[in-house]
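My notes follow, point by point.

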Amino acid sequence: MTTPVLAIEHLHVELPVRAEMRTVLHDVSLTIGPSEALGLVGESGSGKSMTARSIMRLLSPGASTTGTILFEGVDVLTMHHDALLAFRRKGVAMIYQDPRAHINPVRTIGDFLTEGILLDGSVSTAEAQAKVISLLDEVGIPDAKRRLRQYPHQLSGGLLQRVMIAAALSEEPRLLLADEPTTALDVTTQEEVMAILDQLRVERSLAMLFITHDLDLAAAVSDRVAAMYAGVIIEVGDAASLHTDSLHPYTVGLLDSRPEFGARVRARPIPGRPILASEAPPGCVFAERCPYVTERCRSERPILREVDGRLVACHRAEELRGTISFAGAQEPR
Ligand SMILES: Nc1ncnc2c1ncn2[C@@H]1O[C@H](COP(=O)(O)OP(=O)(O)OP(=O)(O)O)[C@@H](O)[C@H]1O
Ligand SMILES: [Mg+2]
């Protein structure tokens, strides 16, 4: 078997909040194979960004982490300084929801893009410029020479996100972490940026973790999709079947809560409030909001287990399959 690009095993993360440690991720296991795209979906606060930050080892000081995060077989969590720097520079790249928060506003686009390439010391300024111009061309930015002299505020959100994609690809990483890369853009721009990201990823055989709260989008651009709730992975499967035949009530709820363009039926958010990982009850994390909850669900945490080639953490997966609906579900009292 080929080594996965990324293998997260039993990752548990706690962060200090005031005087106590709070769980944000619990027993997370995920793998991404070479050139595979894994979608990670879930409501706000479910732990998607924390998963990405854990992979980069960019958690706040005082964080406590157990489990392993293997990048090409080497544990990121125990890497020493030089190996960690090399991993962050060459192994992995990250694209964020808000590009403006991740670019220095007083430096030109050209300086920003050439900086990483020049760090090596083996490339001349002219060569770095030429590489950057061809990258900008690849991400669909015309007139690249002029753009290099501009500052971030002179570019629209869509153009700036393309610049970020160019920067992410400039070091030829093997793994791309994309955290809601199109959420902040308008709909047309979203589609354009997503198409470019998808095309470049496939052309370069990059592995990708694609984070979004939109299950439709995740299914469209990923090979497999994992659904997360309250810091726990509750279902993982190939994109098509997770989309059409979800096994976990939460995944069905995520699908129902997606507004459909032109649809007459209004999108229905999952009743109840999402809980945080630190508030998780001893049983199923979704128990409070699940229309199918039983006593067993409240007392015994379902583990992620295989059902028909997929992984699901629900005691009633087989029994409920194909029948799950939130239509008659009430807001819990
Ligand atoms: N610095 C921090 N210290 C303590 N807890 C934090 C910190 N940052 C985030 N959290 C908590 O970690 C949990 C997971 O947050 P995370 O940002 O991963 O959610 P998310 O799934 O990315 O949500 P969104 O869709 O809103 O981006 C949340 O409960 C959040 O309150
Ligand atoms: Mg997030």
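Predicted model: local features only at pLDDT ≥ 70, side-chain atom pairs only at ≥ 80, totals over all residues.

1. Axes are lines fitted to C-alpha atoms over the stretch in contact, with angles from 0 to 180 degrees between N-to-C directions.

2. Lys131, Leu135 and Leu136 of H4 meet Val163, Ala166, Leu169 and Ser170 of H6 (contact: heavy atoms within 4.5 Å). Five of these contact residues are nonpolar, one is polar and one is charged.

3. H6 (residues 157-170) also packs on H7 (residues 187-203), at about 10 degrees and with axes 10 Å apart. The two are therefore roughly parallel (under 35 degrees; over 145 is roughly antiparallel, 65 to 115 roughly perpendicular, the rest oblique). Their crossing is right-handed.

4. On the H6 side, the contact uses Gly158, Gln161, Arg162, Ile165 and Leu169; H7 gives Thr189, Glu192, Val193, Ile196, Leu197 and Leu200.

5. H10 (residues 249-256) is mostly covered, with six of its eight residues buried (under 20% relative accessible area, 1.4 Å probe, protein chains only). Its cover includes strands S3, S9 and S10 and helices H8 and H9.

6. On conventions: residues are numbered from 1 along each chain as written, with chains lettered from A and ligands numbered from 1 in written order. Local features need pLDDT of at least 70, side-chain atom pairs count only at pLDDT 80 or more, totals for chains, interfaces and linings use all residues, and side-chain values use heavy atoms, leaving out hydrogens and water.

Key
Helix = DSSP H or I, 4+ residues; strand = E, 2+ residues; numbered from the N terminus. Left-handed = near helix turned anticlockwise from the far one by under 90°. Buried < 20%, exposed > 50% of the residue type's maximum accessible area, 1.4 Å probe, protein only. Nonpolar A, V, L, I, M, F, W, Y, C, P; charged D, E, K, R; others polar.
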